[in-house]
Amino acid sequence: MSSITTEKKPRLTTSAMIASIAAEGQATIAAPFGHALVKAAATRPSIVGLTADLSKYTDLHIFAQAHPERHFQMGMAEQLLMGAAGGMAKEGMTPFATTYAVFATRRAYDFIHQVIAEEQLNVKICAALPGLTTGYGPSHQATEDIALMRGIPGMTIVDPCDALDTEQAVAAIADHQGPVYMRLLRGKVPLVLNEYDYQFELGKAKLLRDGRDVLLISSGIMTMRTLETAKALAADNVDVAVLHVPTIKPLDTETIITQCRRAGRLVVVVENHSVVGGLGEAVATTLMHAQVMPVFRQIGLPDQFLDAGALPTLHDRYGISTEAMVSAIRVWLA
């Protein structure tokens with residue numbers, strides 16, 4: 001694992017359009033995706049890295065420095081990026097195609113659908129700035145990326161929580177045969193799951209902590225927030241369980257159903273994504289088919305175009321900050 005640093009940063013409220021998702025004083029690891037891909041490529045000569053003019057902003061530049069002959073810069077042409085990745089996969093390579101999530105899912109959707117997914121090609125699409133992880137407004141906020149990718153047959157979808165999850169997921173998807181869409185955490189990424197004896201397994205949810213009163217089901221960066229929320233609610237003698245779901249598709253329905261069958265718990269699905277078409281709806285559908293009917297709530301981004309601004313301000317505004325989540329759950333339990 002790369003070196004760990006701890007930084008103290010003032011809470012931003014009105015400026016800094018792109019800010020770290022790390023909390024004040026939280027341990028971070030620099031460029032976990034880039035370093036993990038270098039490590040994976042050392043024993044997998046088929047791995048190549050492609051980007052659409054965003055090597056520095058997806059941490060693929062780490063891979064480019066280590067393996068310049070296996071790095072391909074496609075320019076600002078995301079459709080070409082996906083088409084080229086598909087062609088390389090047909091020749092036996094394992095392409096990791098990186099860009100921003102909005103460009104991968106919205107601008108190049110048809111190329112992913114027709115060139116990559118229909119032929120079940122072995123392409124790994126690793127997309128930065130998922131959900132509300134940038135303040136640059138709807139043009140850069142991929143609030144519907146999971147909904148789009150869930151609609152593609154055979155597409156595996158991974159939403160890592162932190163640096164450890166990202167590092168382990170890279171190795172796992174490199175070994176998996178078939179197309180993968182992974183939400184990419186880049187830059188100085190928080191380190192959280194090392195405290196929970198965690199090991200990523202493709203297609204498996206992990207119960208990070210148990211609790212009798214509330215079950216929080218989350219993916220991606222929201223698992224960091226659900227763990228913080230659980231600790232905050234413990235001060236109110238509210239016992240909170242956290243189920244981390246790093247693989248959105250295929251969904252670990254068995255574990256979800258087992259956890260939701262337990263009587264007397266409020267079930268809340270928490271996601272850094274629109275409430276339309278993401279983890280919340282996937283869990284709700286799973287429970288309905290299994291005829292499991294707990295008291296069910298969603299915390300996610302609203303079905304609207306979001307504002308631009310500083311991330312902490314936006315996370316408060318749209319209800320995905322720890323403080324907003326704690327307040328909402330207290331109301332639901334009252």
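**The open sheet and a helix apart from it**

Tutor: In this predicted model, five strands make up an open sheet of mixed pairing, ordered β10-β12-β11-β14-β15. Its edges are β10 (206-209) and β15 (295-301), each of which pairs on one side only. From one strand to the next, the twist averages 25°.

Within the sheet, β11 (residues 214-218) and β14 (residues 266-274) run parallel and are joined by five bridges. Leu215 has Val267 of β14 as its bridge partner. Helix α10 (residues 253-260) lies across β10, β11, β12 (240-244) and β14, and runs at about 160° to β11.

Another element to examine is helix α4, residues 78-90. Its 13 residues reach 19 Å from the first C-alpha to the last, close to the 18 Å expected at 1.5 Å a residue. Just after α4, Gly92 takes a positive phi of about 95°.

The buried residues of α4 include Glu78, Leu81, Met82 and Met88, together with Ala84, Ala85, Gly86 and Ala89. Strands β3 (47-51), β4 (71-73), β5 (94-100) and β6 (124-128) are among the elements these buried residues pack against, as are helices α5 (101-107) and α6 (109-117).

Met82 also belongs to the largest nonpolar core, which has 108 residues. Along with Phe33, Phe96, Met182 and Ile217, Met82 touches the most other members. Leaving out residues up to four places away in sequence, Met82 touches Ala97, Ala104, Ala108, Phe111, Ile112, Val115, Ile116 and Ile125. In soluble globular proteins, nonpolar side chains tend to be buried together.

Note on methods. Residues numbered from 1 in each chain as written. Predicted model: local features only at pLDDT ≥ 70, side-chain atom pairs only at ≥ 80, totals over all residues. Heavy atoms only, no water. Helix = DSSP H or I, 4+ residues; strand = E, 2+ residues; numbered from the N terminus. Expected span 1.5 Å × (residues − 1). Buried < 20%, exposed > 50% of the residue type's maximum accessible area, 1.4 Å probe, protein only. Contact = heavy atoms within 4.5 Å. Core = buried A, V, L, I, M, F, W, Y, C linked by side-chain atoms within 4.5 Å. Pairing = 2+ DSSP bridges. Axes fitted to C-alpha atoms, helices over the stretch in contact; angles between N-to-C directions.
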